[in-house]
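Let's take a walk through this fold, a few spots at a time. Have the coordinates open and follow along.

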Amino acid sequence: MIRIKAGAPRRATLQTHSRNPARAVSGPRSRSDRLRAGLRRAVRRRGPRTGVAREDRGRRTRRVLRTSGRPPLRRALNLGLPAVWGALAISYKMACPLAQQHGLGARIATSAVFFAVGAGLILHVRRVLLRELRQIRRVAGAAQSVLLRPLPPRIDGLDIAAAQLSADHGASIGGDLYEAVATEHGVRVVMGDVRGHGLGAIGTVAAVLGSFREAAHDEPELGGVLRRLDRALARHLREGERAGHSCAGSDPDGHAAEEFVTVLLLEIHRDGGVHALNCGHPWPYLLTAGRVRPLVRAEPLPPLGPFPLPSRLPAEPCGRLRPGEGLFLHTDGAEDARDARGRFFPLLPALAAAVRDGPVVPQAVLRAVFTGLLRHTGGRPDDDVALLVLHNDRRPLALHQGRVTQHVPR
């Protein structure tokens, strides 16, 4: 039953007799009225409004207002201070009697005033530009750390240390990529190098790394991971070709057919077994106490991009990474770095010197190689450099009476 109250022809009230007779719904209301009613109901559901809650909400509101008011105030100061300096200089020139004189002392005073005004303007502009530069670097650093995120120091019993040096000044990442993830199939590692270097190759790095981070968990075989990377790279190159520009490298006249990525995939099992797939990338070095040797001497596959992958992709068995041993992964920027005389960086002797006097410590190996590399190139390498060191810190396994046990060091 619906009743319409008399005396309110323009704004009637509808009252419905239902299970909740106390509930009344007003007639045609505006959208703002409905929003206010909804907010009141939401507040009532959240419970009683105490004095402490109201005070906290007030503090949060004032904080938001102060924060939102800072950028306009800062912009006003940035524009107002130069205007004040300029107004003072003009006022001095037009109104000050000393500025109207032509004597030597008056000219020196006028020059000093205008020099002070000019120096103040220059310092103000410099301070504003430095503040903006610091903000841009913070934003760029956050974006770069998301793309090439720092690796944890330990993954599933493996100690890890990795670092990269970009050929572009001021950039922390470039055309090299690396990642290591622990999966149910073992620890899977990727090391890659995009054609070109610097900031122009970041788009391709993002495409390959994003595909690896998903495929490493989804694909049971290492060959499936490589095929996923190849499809992601091909899709990225097609999209870049439609956009009318090269996707990687710094050559503006390059074409998608000329782009390529060298990729090394490793899979390290719990028992230390290592399998690899290599597409045009340098093979890693096996590090033991006082000894360095290449992990594998097999011929790698062609790089991803120019050529299709073969129908079968069996992973290359690379032996076993025993407890105490390590792997050194690198891009070709480490071996191809030259000094002022054109001599290549001696990577193998630098690695041998880093592990000659003690056990394999990833951070120490990384520090020694990077120090020697920067000293060799004078601090300015011509290509991106990425290094990654793995060390097996797992306890050795032993078989006793049909059971696998672990040796506990005393």
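Contact here means heavy atoms within 4.5 Å. Keep in mind, too, that this is a predicted model.

Leaving aside residues up to four places away in sequence, Gly319 touches Gly272, Gly273 and Val274. Gly319 is partly exposed, at 49% relative accessibility. Another pairing to look at is Gly319 with Val296: they are 23 residues apart in sequence, and their C-alpha atoms are 8.9 Å apart in space.

Now go to Asn392, in strand E14 (residues 385–392). Is this asparagine buried or exposed? Its relative accessible area is 3%, and the cut-off for buried is under 20%, so Asn392 counts as buried. As for what surrounds it, Asn392 touches Gly157 and Leu158, and also Leu321, Arg322, Pro323, Gly324 and Glu325, again not counting residues up to four places away in sequence.

Strand E14 turns up again when you look at helix H9, as part of what covers the buried residues of that helix. H9 runs over residues 362–377, so count 16 residues in it. From first C-alpha to last, H9 reaches 23 Å, close to the 22 Å expected at 1.5 Å a residue. Which of its residues are buried? They are Pro362, Val365, Leu366, Val369, Phe370, Gly372, Leu373, His376 and Thr377. Look down the axis of H9 and these buried residues fall within an arc of 165 degrees, so they line one face of the helix. Besides E14, the cover over the buried residues includes strands E5 (158–165), E10 (285–288) and E13 (326–330), plus helices H7 (332–335) and H8 (347–354).

Last stop: helices H5 (residues 202–218) and H6 (residues 222–243), whose axes come within 9 Å and cross at roughly 150 degrees. That angle makes H5 roughly antiparallel to H6. The crossing is right-handed. On the H5 side, the contact is made by Gly203, Thr204, Ala207, Val208, Ser211, Phe212, Glu214, Ala215, Ala216 and Asp218. H6 contributes Val225, Arg228, Leu229, Ala232, Leu233 and His236.

Notes: Residues numbered from 1 in each chain as written. Predicted model: local features only at pLDDT ≥ 70, side-chain atom pairs only at ≥ 80, totals over all residues. Heavy atoms only, no water. Helix = DSSP H or I, 4+ residues; strand = E, 2+ residues; numbered from the N terminus. Buried < 20%, exposed > 50% of the residue type's maximum accessible area, 1.4 Å probe, protein only. Expected span 1.5 Å × (residues − 1). Arc of directions from axis to C-beta. Axes fitted to C-alpha atoms, helices over the stretch in contact; angles between N-to-C directions. Parallel < 35°, antiparallel > 145°, perpendicular 65-115°, else oblique. Left-handed = near helix turned anticlockwise from the far one by under 90°.
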